[in-house]
Amino acid sequence: RSDCRGVRLGLHEGAGYMNSASLVLQELRHRWLGALLGALVVSIAVALVVVSLALARAGEKETRLIQRDVGLNVLILSDKTDLADYWARGYSDHSIPAEYMERVHDQAVANRLVPLLKQRIEVAGVSVLLVGIEGERSKDGQVMKPVFGKVLASGQVVLGGAVARLLGVAPGDSLSILGHEAKVQACLAESGTVEDGTLYVSMADAQAWLGMAGRINEIQALECRCGEDVEDPLGLLREELAPLLPGTIVLRRQDAADARRDQRQLAEGTLALLSPLFVLLAGALIATLGA
């Protein structure tokens, strides 16, 4: 008997659900215009919130790209470097241990660190700046995307635009560098910068060809703490990095660093203004619907 009662109860509940659904459908048919407007208002409100989140993500990505194009703004060199000579020639005659790159994850003031080994050499009678390079390292130790978006394997070379033009070579050609054969992987477009006269190879090749195993002569990076509350960014960089990298000097490219800081603060300010505005507008639309 109880089983039958349970079956009857279940049937009644099912009928109740059907009746409720039927009532809702009848109401929608009777007030179709109001229902349509309500659905439209809710859709617009949701769309505003979604657009706000999408703008936040897009703005953050665009800011990172602009900051990247501004350039790395922190230089780490041997403290024996003659800075006047460095700015004139573009590289230091003094090196630091390559193992310093393993220490950079123990700090919080510099990111996207790139180890470099630079020296001016001659290739087929053309003076070029040889640069051994590896992928970027983040402050937490992660190895990031290679600088050219490609991995420079041993025996491969990327040429600046002016070097490629003067040497008359193209991708796929072979080139003799310090007595070693290398295959041209890519030729960069001329940019009107020092990069035009540069020849990039893997760090391992540069160290081997220059007889500088386990050494680099420059680290470039982006500063992390660049808010307005930091009164002395260079002092903060040196205070944090000096104990980790003894025998080095930390330099800050003021113009590039300030441009990066201004861009980040502009993006954050715009987002802080638009996001609450979109949310308030969405709320107002829903409130209007309920009125």
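## Nonpolar cores

In this predicted model, the largest nonpolar core comprises 40 residues. Leu159, Leu175, Ile177 and Leu199 have the most contacts inside this core. Strand β3, residues 110–123, gives the most to the core, contributing five residues. Apart from this core lies another, of twelve residues, among them Tyr91, Leu129, Leu152 and Leu222. In soluble globular proteins, nonpolar side chains tend to be buried together.

Leucine 199 has contacts with several stretches of the chain. When neighbours within four places in sequence are left aside, leucine 199 is in contact with Val123, Val128, Leu129, Leu130, Val131, Val157, Val158, Leu159, Leu175 and Ile177.

## The open sheet

Nine strands make up an open sheet, arranged in the order β6-β7-β5-β8-β4-β3-β10-β1-β11, and their pairing is mixed. At the edges stand β6 (174–177) and β11 (248–252); each has a single partner strand, so one side of each is left without a neighbour in the sheet. On average, neighbouring strands of this sheet are turned by 35 degrees against each other, direction ignored.

Helix α6, which spans residues 233–241, packs on the sheet. This helix touches β1 (74–78), β10 (218–223) and β11, and its direction makes about 155 degrees with that of β11.

## Pairing around strand β5

Strands of a sheet pair through backbone hydrogen bonds, either parallel or antiparallel. Strand β5, residues 156–159, pairs with β8 in the antiparallel sense over three bridges. With strand β7 (residues 180–187), β5 pairs in the parallel sense over four bridges.

Leucine 159 has leucine 199 as its bridge partner in β8. Valine 157 has valine 201 as its bridge partner in β8, and valine 157 also stands opposite valine 184 in β7.

## Valine 201

Valine 201 belongs to strand β8, which covers residues 198–202. Its relative accessible area is 0%, so this residue counts as buried. Leaving aside neighbours within four places in sequence, valine 201 is in contact with Leu130, Val131, Gly132, Ile133, Leu152, Gln156, Val157, Ile177, Ala206 and Trp209. Val157, one of these contacts, is also the residue whose bridge partner in β8 is valine 201.

Valine 131 and valine 201 are 70 residues apart in sequence, and the C-alpha to C-alpha distance between them is 6.3 Å.

## Glutamine 207

Glutamine 207 is part of helix α5, residues 203–209. With a relative accessible area of 14%, glutamine 207 is buried, because the limit for a buried residue is under 20%. A polar atom of the glutamine 207 side chain lies 3.0 Å from the backbone oxygen of arginine 215.

Neighbours within four places in sequence aside, glutamine 207 is in contact with Ala98, Leu117, Met212, Ala213, Gly214, Arg215 and Ile216.

## The aromatic pair

The structure holds one aromatic pair, formed by tyrosine 86 and tryptophan 87. The arrangement is edge-to-face, with 5.0 Å centre to centre and 75 degrees between the planes.

Tyrosine 86 is buried, its relative accessible area being 2%, whereas tryptophan 87 is exposed, with a relative accessible area of 52%.

Key: Residues are numbered from 1 along each chain as its sequence is written. This is a predicted model: local features need pLDDT of at least 70, side-chain atom pairs count only at pLDDT 80 or more; totals for chains, interfaces and linings use all residues. Side-chain values use heavy atoms; hydrogens and water are left out. Helices (H or I, at least four residues) and strands (E, at least two) are DSSP runs, numbered from the N terminus. Buried means under 20% relative accessible area, exposed over 50%, partly exposed in between (1.4 Å probe, protein chains only). Contact means heavy atoms within 4.5 Å. Rings of Phe, Tyr and Trp (its six-membered ring) pair if their centres lie within 6.5 Å; planes under 30 degrees apart count as stacked, over 60 as edge-to-face and the rest as tilted. A polar contact is a pair of N or O atoms within 3.5 Å; within protein, one must be able to donate a hydrogen and the other to accept it, and residues adjacent in sequence count only if both atoms are side-chain atoms. Two strands pair if DSSP finds at least two bridges between them. Axes are lines fitted to C-alpha atoms, for helices over the stretch in contact, and angles run from 0 to 180 degrees between N-to-C directions. A nonpolar core is a set of buried Ala, Val, Leu, Ile, Met, Phe, Trp, Tyr and Cys residues joined through side-chain atoms within 4.5 Å.
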